[in-house]
Amino acid sequence: MEIFLSLAFIALMGGVFLHPLIRRRRSSTAKAALTDQQIISHHDKAIGEASAYMQFNCFGKRMQPAEGQYHIVYTNEHGVTTERDISVTGVHSHNGKDAVIAFCHLRNAHRLFINENIERAVDLYTGEWVESVAQHAIVRHENSEEEKMMNALDQEMMALHLLVFFSRADGRMTKTERGIIADYLKHRYQDIAFEGNEFEEAINAVSTIVKNDFKRIVADMVSSRDSERLSDIADYAKRIVATQEIVNLLEKNALELLAAAVAKCGSSLQESGSTYIKSQTSTL
């Protein structure tokens, strides 16, 4: 029965959570040695943690992004208390309870920790006591530079589509063009650093739109009177085009469309954005 549960645990946790079925004993230098009364085999621990995972019912539950490193005192369902350092990667919530997914530096593998079973916790970054590891790690992730960057990219997705339209007009995007897009974002969000692999991957993942989608996005911005954003997009689009040796007719028409849209947003005319864009884009 124990072997069956162990195999089930491995299947449930997937590739990220795979770990040996029988573990080596901890060295004498481990931070959290058990008392004589608490010593149980690592095989039994694996089964206990598998049981905790199944009892919490993480199946089909969305994992909330979370991050942070903590030193915790944890009591499992068998009443065994240990101390360990963990690096949180996410939080599952179910029926009003939280479970923390983290890399356990004591076990050298990913583990699930029922949040209410964490008796004490210290944030290893700040040294402060933490009341709820789950909520603290979620908030830390939300306030992280990476998360701020991704939120900003989401808010600027329509602008990114327009700028990428110019950048890939010749079938490729150069490093200089990506840099100009980063400059646009830094201009809009001056407290966020748009750099690193995550930023590069996010920009490369922006799909290339066709001319009809370009018209629609600009029309929507005109309708919402998003004049400041349109003006910024037009300025940075010109910078992108200025780096290109050959500027095709499609790009020239797109620049004219943006200029007309900026002028429209600055005017007091009341015609709808869609009607206006249609009248201005017969050649795009």
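The model is predicted, so local features need pLDDT of at least 70 and side-chain atom pairs count only at pLDDT 80 or more, while totals for chains, interfaces and linings use all residues. Residues are numbered from 1 along each chain as its sequence is written, and side-chain values use heavy atoms, with hydrogens and water left out. Helices (H or I, at least four residues) and strands (E, at least two) are DSSP runs, numbered from the N terminus.

**Strand pairing**

- Let's begin with β1 and β2, which are antiparallel and share ten bridges; two strands pair if DSSP finds at least two bridges between them.
- Five residues separate β1 from β2 in a hairpin, and the turn includes Gly79, with a positive phi of about 80 degrees.
- Within this pairing, Val88 of β2 sits opposite Gly68.
- β1 also pairs with β5, again antiparallel, through five bridges.
- In β5, Val122 is the bridge partner of His71.
- The hairpin of β3 and β4 has four residues between the strands, and Asn108 in its turn shows a positive phi of about 60 degrees.

**A covered strand**

- Strand β4 spans residues 109–114, and six of its six residues are buried (under 20% relative accessible area, with exposed over 50% and partly exposed in between, using a 1.4 Å probe and protein chains only).
- Both faces of β4 are covered, with Ala109, Arg111 and Phe113 on one side and His110, Leu112 and Ile114 on the other.

**Helix α3**

- Helix α3 covers residues 133–142, and its buried residues are Val133, Ala134, Ala137, Ile138 and His141.
- Looking down the axis of α3, these buried residues fall within an arc of 130 degrees, so they line one face of the helix; the arc is that of the directions from the helix axis to the C-beta atoms.
- The strands β1 (64–75), β2 (81–94), β3 (97–104) and β5 (118–123), together with helix α4 (145–155), pack against the buried residues of α3, where contact means heavy atoms within 4.5 Å.

**A buried aspartate**

- Asp85 belongs to strand β2 and is buried, with a relative accessible area of 15%.
- The side chains of Asp85 and His71 are joined by a polar contact of 2.6 Å (a pair of N or O atoms within 3.5 Å; within protein, one must be able to donate a hydrogen and the other to accept it, and residues adjacent in sequence count only if both atoms are side-chain atoms).
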